[in-house]
Amino acid sequence: MSSPPRETRPIPPEDYLRRVLEVVTPLEAAERPLLDALGLPVAEDVHADVPLPVFDNSSMDGYAVAFRDVAEATAERPVHLPVVGEIAAGQTTIHTLTPGTAVRIMTGAPVPTGATAVVPFEWTTEEGRQVVVSQAPEEGQHVRRSGEEVARGDLLMRRGEVVGTRQVGLLAALGRGRVATAPRPRVVVMSTGLELVEPGKPLQGAQIYDSNSYLLAAAVRAHGGIAYRATATTDDPDQFADALADQLLRADMVVTSGGVSKGTHDVVKEVLRELGTVEFLEVAMQPGKPQGFGVVGEDRTPIFTLPGNPVSAYVSFESFVAPALRRMTGHARVEPVLRAGVLTEAVRSMRGKTQLLRARVEHSGGRLLLTPVGGPGSHLIAGLAQADALVVLDADVTAVSQGDVVPALLLDRVAGS
Ligand SMILES: Nc1nc2c(c(=O)[nH]1)N[C@H]1C(S)=C(S)[C@@H](COP(=O)(O)OP(=O)(O)OC[C@H]3O[C@@H](n4cnc5c(N)ncnc54)[C@H](O)[C@@H]3O)O[C@H]1N2
Ligand code: MOO
């Protein structure tokens, strides 16, 4: 049997998260190719090195003209101008427009100096070398001015803001082929338990499939990390210690699941407690009561030992591991962001523990509607799979009525799912 726990009073989840975040430090940032930064926060303020648009350019295929030359053009009294050339996107063939002439111009092509409007082809006909303009544009119409949207030097992303799909587009438009971010944290996800079998293999006796290492590896990826899965089907402390030592070589963080409650085969607890650098404690939440956190190995790699029940492991991940990953990658905001939603059913909760209810989200009339799914049991993984939010009921809440507003953590969803 393992020795009695050092701390017996459950601590509030907020206090536990604070302890975790005191230990976890940001990984060293470096420049990397733009697409590799997707999903990671920028490690520097990003200023525009070039204005956008980069130069004055046309927003239409048509004729660059001096506005005054065509200001009076109508269908009844069209204006005739000689066409002196053509500019396509990417060309700088004509720098200056002579008043009284027109230059054929394509969308995105640089507008020559002196041109103060572009007349779209649809408002014109060509007669020989002349263009006949039968509708007047407004002054400046269809000319996109340099710097109109972004001036050189403008602050476009603050340090800690995440590079998403649209930010990739912006940074590329500014000529940033590389951007500084932290590396993706390499997270070793270790399942422990004699009963575990790799999915795809046949089950025998009282075996179950190892779902936690998949669940947690997916969660790591969804939070921008690189996950390595490992399964330790042993209750031998030396074997577990060796397996962990091997895994540490490739880890910025280790996340184990299983073997941390009060059982006689709690090998994780037995090995890590020996080291004296990992603390095992109870957090006043359900699911996710038994937790362990500390550092291991020469590099003092952060390690989370999550409870083995699948829902407990996942809820613990979202509550503590995800914020730690955000700290490692330099997010501006690391704590979970809760949104207000309306409960569609009355629920009860246990006093003294923060309860995290799985719920299904619907958007209705600008409000989030939250419908509990799956029941409170920590083994109910099918219910978890239906959920896209965790409703957070504080320790002093014992009952919530239908229609009450409650805080909820919205969970990641793969686009389209
Ligand atoms: N006497 C007590 N028993 C338990 C307590 C307690 O306070 N006193 N706490 C309960 C709570 S709460 C939780 S949560 C669990 C945590 O247990 P462990 O972290 O020690 O995890 P295991 O015992 O190894 O497993 C629990 C459960 O989860 C299944 N499991 C484990 N790993 C996986 C995996 N990789 N994939 C799928 N399922 C997994 C395992 O088979 C067990 O059913 O302890 C309670 N007990
Ligand atoms: O706290 Mo355990 O994590 O309920 O199932």
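Predicted model: local features only at pLDDT ≥ 70, side-chain atom pairs only at ≥ 80, totals over all residues.
Two strands are said to pair if DSSP finds at least two bridges between them, and helices (H or I, at least four residues) and strands (E, at least two) are themselves DSSP runs, numbered from the N terminus. With that in hand, we can take a pair from this protein: strand S22, residues 338-343, is joined to strand S28, residues 405-410, by five bridges, and the two run antiparallel. Within that pair, Val342 has Val405 of S28 as its bridge partner. S22 also pairs with strand S25, residues 367-372, this time in the parallel sense and over two bridges, and here the bridge partner of Val342 is Leu369.

Residues are numbered from 1 along each chain as its sequence is written, while chains are lettered from A and ligands numbered from 1 in the order in which they are written.

Let me now step back to the whole protein. Its secondary structure comes to eight helices and 28 strands. The radius of gyration, taken over C-alpha atoms, is 31 Å, well over the 22 Å that the globule rule (2.2 Å times the number of residues to the power 0.38) gives for 417 residues, so the protein is more spread out than a compact globule. Along the principal axes, the C-alpha atoms fill a box of roughly 100 × 50 × 40 Å.

The domain assignment, whose bounds come from an automatic or database source, gives domain 1 (13-28 + 183-329), domain 2 (39-51 + 151-181), domain 3 (57-144) and domain 4 (338-410). The C-alpha centres of domain 1 and domain 2 lie 34 Å apart.

Next come two sheets. In one open sheet, six strands stand in the order S16-S13-S17-S21-S20-S18, with mixed pairing. Strand S16 (226-232) and strand S18 (278-282) are at the edges with a single partner strand each, so one side of each is left without a neighbour in the sheet. On average, and with direction ignored, neighbouring strands of this sheet are turned by 15 degrees against each other, where the axes are lines fitted to C-alpha atoms, for helices over the stretch in contact, and angles run from 0 to 180 degrees between N-to-C directions. Inside the sheet, strand S17 (residues 253-257) runs parallel to strand S21 (residues 301-306), with four bridges between them, and Val255 stands opposite Phe304 in S21.

The other open sheet also has six strands, in the order S7-S4-S6-S5-S9-S8, and its pairing is mixed. Its edge strands are S7 (117-120) and S8 (124-127), each of which pairs on one side only, and the twist from one strand to the next averages 40 degrees. Here strand S5 (residues 79-87) and strand S6 (residues 102-105) run parallel, joined by three bridges, and the bridge partner of Glu86 in S6 is Arg104.

What surrounds ligand 1? There are 25 residues around it, and the closest are Asn212, Gly258, Ser261, Pro307 and Gly308, where a residue counts as near if its C-beta atom, placed from the backbone, lies within 6 Å. Helix H4 (212-222) and helix H7 (310-329) each supply at least two residues of this shell. By class, the shell has six nonpolar, 14 polar and five charged residues; Ala, Val, Leu, Ile, Met, Phe, Trp, Tyr, Cys and Pro count as nonpolar, Asp, Glu, Lys and Arg as charged, and the others, Gly among them, as polar.

Around ligand 2 we find Gln286, Pro287, Gly288, Lys289, Pro307, Asn309, Ser312 and Ser378, which divide into two nonpolar, five polar and one charged. The peptide bond from Gln286 to Pro287 is cis, with omega near -5 degrees, and Pro287 sits in the loop between strand S19 (285-286) and strand S20 (290-296).

Finally, most residues other than glycine have a negative phi, and most peptide bonds are trans. His142, in the loop between strand S9 (130-133) and strand S10 (143-144), has a positive phi near 65 degrees. Is His142 buried or exposed? His142 is buried (20 or more other C-beta atoms, placed from the backbone, within 10 Å of its own; 12 or fewer is exposed, in between partly exposed), because it has 21 such atoms within 10 Å. Arg300, in the loop between S20 and S21, has a positive phi near 50 degrees, but Arg300 is exposed, with 12 other C-beta atoms within 10 Å.
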